[in-house]
Structures are given as C-alpha cells and as structure tokens.
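Please read these points with the structure open beside you. They go from the whole chain to one helix pair and then to the ligand.

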Amino acid sequence: MQCLYRLIRRGGRGGRRRRGKQLSQKNKNRAVRKHVIELEREQKGAGRRRAGEEEKNSHREKKKEEECSCTGSMSLNGKVALVTGGAQGIGRAVVQSLLQSSAKVAMVDLNKDLGEECKAQLDAEFGEGNCTFIECDVANGDALRDTFQNTVDQFGHLDIVINNAGITNEKDWEKTIQVNLTSVIKGTYLALEHMSKENGKQGGTIINVSSMAAFMHSPHQPVYTATKHGVIGFTRAMADAAIQGDYGVRIHALCPAFVDTPLLQSVEDEDNMGKFVKFKDDFKRSMSKFGVLQPSLIAEGMMRLITDTSLHGAVMKITCSKGIHFHTYEPMSA
Ligand SMILES: NC(=O)c1ccc[n+]([C@@H]2O[C@H](COP(=O)([O-])OP(=O)(O)OC[C@H]3O[C@@H](n4cnc5c(N)ncnc54)[C@H](O)[C@@H]3O)[C@@H](O)[C@H]2O)c1
C-alpha cells in the first residue's frame with residue numbers, strides 16, 4: 001500500500017499541467033491496476049498454500065482413521081502387563097482379561113488388603129506365578145519407579161502398561177490432579193524407559209484411562225474433568241512423538257462413560273466432592289439418561305486397543321448408546 005500511496009502522490013505540475021495531469025492520471029490508473037493484480041496474485045498464492053496444508057492435514061487424519069478401522073491382531077501369550085488401580089473396578093476387570101489371554105500381570109494398587117485378596121482369587125483361577133500384587137501409591141514418583149523395576153525383575157520384561165488408577169475428589173483437587181494426570185504422565189514416561197526402541201527395548205502398548213467427562217463436562221466434577229481432558233491431550237501428543245520417534249510403542253487413550261464401580265458411589269460424598277456435592281442430582285440425572293456400563297465391556301475395549309496392532313494414537317470411547325467406538329478429530333488448521 002505504501003508503494004501505491006507514493007505512486008498516487010507523484011502527479012505532474014505547472015504549464016504542461018493538463019497534458020501532464022492526463023498522463024499522470026493514466027500512469028496512476030496503470031499503477032493501481034498493476035498493484036491490484038499483484039495483490040490478487042498474492043492472495044491466490046496464499047489460498048493455494050493454505051489449501052495444500054489443509055489437504056496434507058486431512059490426509060494425515062484420514063490415514064489415522066484408516067489405521068483405526070483395520071485390524072492386525074497380536075497374541076498376548078508371554079507378554080507382561082502392568083495395570084495401576086488393578087485391585088478393583090475397571091482395573092480389576094482388565095487384569096482378569098489379560099490373565100485369560102495368557103499374559104503375566106503386575107496388579108498395582110494403593111489398597112493392600114483388596115490387592116492381596118484379589119491376587120488370591122486370581123491365583124486360584126489362573127494358577128500361581130501369573131499375577132503379582134504390588135502395593136504402590138502412583139502419586140509417589142519413587143514408589144512408582146520401583147514398581148516398574150520390580151515388575152521387570154519378576155517377569156523379565158514389560159510389554160503393556162495401563163495407567164488406570166484414578167480418583168474423583170474435588171475437595172482435595174490437587175490430589176486429583178496428582179493421581180489422574182501427573183501419575184499418568186509419569187507412568188507413560190516410565191513405560192517408555194522400559195519399552196521404547198529408543199532405549200534399546202522391544203516396544204509395547206500404553207493405554208491411559210481418560211473418561212467421557214473429557215467430552216461432556218459436568219458442574220459436579222470440574223477438576224476431574226480437567227484431568228481427563230489433560231490425559232487425552234498428553235496421550236495424543238505422546239502418540240505422535242512415538243510414531244515420529246519410532247519408539248515401537250503404541251499409545252492410546254480410553255474414555256468410558258459411567259461404569260458400575262465403587263468410584264461412582266464416591267461422587268455422592270461431601271468428603272470427596274466438597275461444595276460441588278450440591279450438584280449431585282444433576283450428575284445422577286445424567287447417569288440415568290446415559291446409562292451405566294459394566295467393567296467387563298471396558299476390559300473388552302482395552303483388549304482391542306492392546307491386540308489390534310494397526311491402532312496408533314486411538315481415542316476410544318465406550319458408551320451405552322454406541323458401545324465401543326473411536327473419536328475422530330477435524331484435520332488441524334491454523
Ligand atoms: N467408574 C466410572 O464411571 C468411570 C468412568 C470413566 C472413567 N473412569 C476412570 O477409570 C479409572 C478406574 O476407575 P474405577 O471406576 O475402576 O475406580 P475404582 O475406585 O473402582 O477403582 C480404582 C482403583 O484405583 C486404586 N487407586 C486409587 N488411587 C490410587 C493411587 N494413588 N495409587 C494406586 N492405586 C490407586 C483404588 O484403590 C482402586 O482399587 C479411573 O481413572 C477413572 O477415572 C471411571
């Protein structure tokens with residue numbers, strides 16, 4: 001525009017004014033036309049560049065969707081899994097499914113009594129030596145590191161990590177962030193130390209448990225909702241890092257809707273929910289509207305994420321209305 005302004009100001013003067021004026025008017029018109037053509041060219045070029053970028057992004061997303069729709073299956077015989085929060089609820093159902101598929105499992109949990117009781121039942125069902133219980137608070141970074149090492153020492157290697165332990169506590173919301181998000185991040189990094197090809201290991205699968213709360217926010221659980229959003233963001237970014245860095249590790253997020261576990265009961269308790277407990281009826285209305293799933297269906301989704309080797313960076317959703325399905329994202333655009 002500055003160049004256009006200068007050209008317009010450069011008009012003729014004096015005796016030759018009229019002819020000069022006519023000539024300079026012609027020049028001005030020519031210059032304006034030339035400038036407009038240049039601007040149009042520039043805009044078309046930028047449009048073409050933008051369209052090219054969008055096409056590339058949509059191609060990348062399409063490739064991910066295609067990868068999600070085909071199945072390459074993997075046997076779990078001889079594989080070693082670590083499941084946090086494994087003594088109860090969803091974690092317990094997943095431990096059971098892994099043992100049924102002949103994997104060895106380290107069941108990690110804060111609750112010692114429950115963990116030992118659960119291990120005794122699983123030993124009776126699947127035979128001793130297939131499952132170990134490790135008492136650990138995942139919010140304790142050193143204890144979590146030792147738990148990973150302990151698993152590898154007992155079973156020789158590690159192939160599958162399920163970062164499942166989670167709480168809903170709006171009163172002690174910092175603890176909720178620590179358990180639901182920070183520990184998932186630490187669990188992912190520790191899993192990569194033991195499984196990534198970058199560290200000379202054999203590869204594997206990591207599943208981070210999020211929630212449908214990451215898609216349907218609730219006034220009853222603001223911080224829980226934030227942590228579950230965080231789990232998806234972190235997991236998707238790490239999944240891309242794993243693909244681009246050739247880690248040989250597939251990283252997924254799993255988002256169940258309401259599941260029939262003790263966690264669902266804790267949301268009615270003022271000790272857990274603090275001032276947000278007054279919205280519990282709203283939460284209960286959502287539960288009766290959307291229904292409540294059984295942990296066995298979540299374990300089924302988990303097994304699909306583990307065994308389908310064509311899946312990378314999947315965000316699996318499990319709901320009563322649609323069952324097991326995948327979230328798809330719009331192609332990225334600036
Ligand atoms: N139940 C649901 O409706 C639902 C829905 C969506 C997502 N989820 C998520 O699924 C995961 C499992 O939930 P659930 O419903 O099975 O819960 P749950 O309370 O039934 O079981 C959680 C297990 O984790 C253990 N745990 C809790 N804090 C721990 C810690 N700091 N260290 C180690 N272990 C710990 C508990 O002792 C328990 O055994 C959580 O991440 C939860 O947010 C649950």
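1. Two residues are in contact if their C-beta atoms, placed from the backbone, lie within 7 Å. Among contacts in the protein chain with a separation of 6 or more, 70% join residues 24 or more positions apart.

2. This is a predicted model, in which local features need pLDDT of at least 70, side-chain atom pairs count only at pLDDT 80 or more, and totals for chains, interfaces and linings use all residues. Residues are numbered from 1 along each chain as its sequence is written.

3. The protein chain has 11 helices and eight strands (DSSP runs numbered from the N terminus: helices are H or I, at least four residues; strands are E, at least two). Of its 334 residues, 37% count as buried (20 or more other C-beta atoms within 10 Å of the residue's own, C-beta atoms being placed from the backbone).

4. Helix H5 (residues 141–155) packs against helix H6 (residues 173–195) at an angle of about 35°, and their axes are 10 Å apart (axes are lines fitted to C-alpha atoms over the stretch in contact; angles run from 0 to 180 degrees between N-to-C directions). On the H5 side the contact includes Leu144 and Phe148, and on the H6 side Gly187 and Leu190. By class, this contact of H5 with H6 has four nonpolar, four polar and two charged residues (Ala, Val, Leu, Ile, Met, Phe, Trp, Tyr, Cys and Pro are nonpolar; Asp, Glu, Lys and Arg are charged; the others, Gly among them, are polar).

5. Around the ligand there are 28 residues, of which Gly85, Gly89, Gly166, Thr261 and Leu263 come nearest (a residue is near a molecule if its C-beta atom, placed from the backbone, lies within 6 Å of it). The shell divides into 16 nonpolar, 10 polar and two charged residues. Helices H3 (89–100) and H8 (262–265) each supply at least two residues of this shell.

Definitions and conventions. Buried ≥ 20, exposed ≤ 12 C-beta atoms within 10 Å, placed from the backbone.
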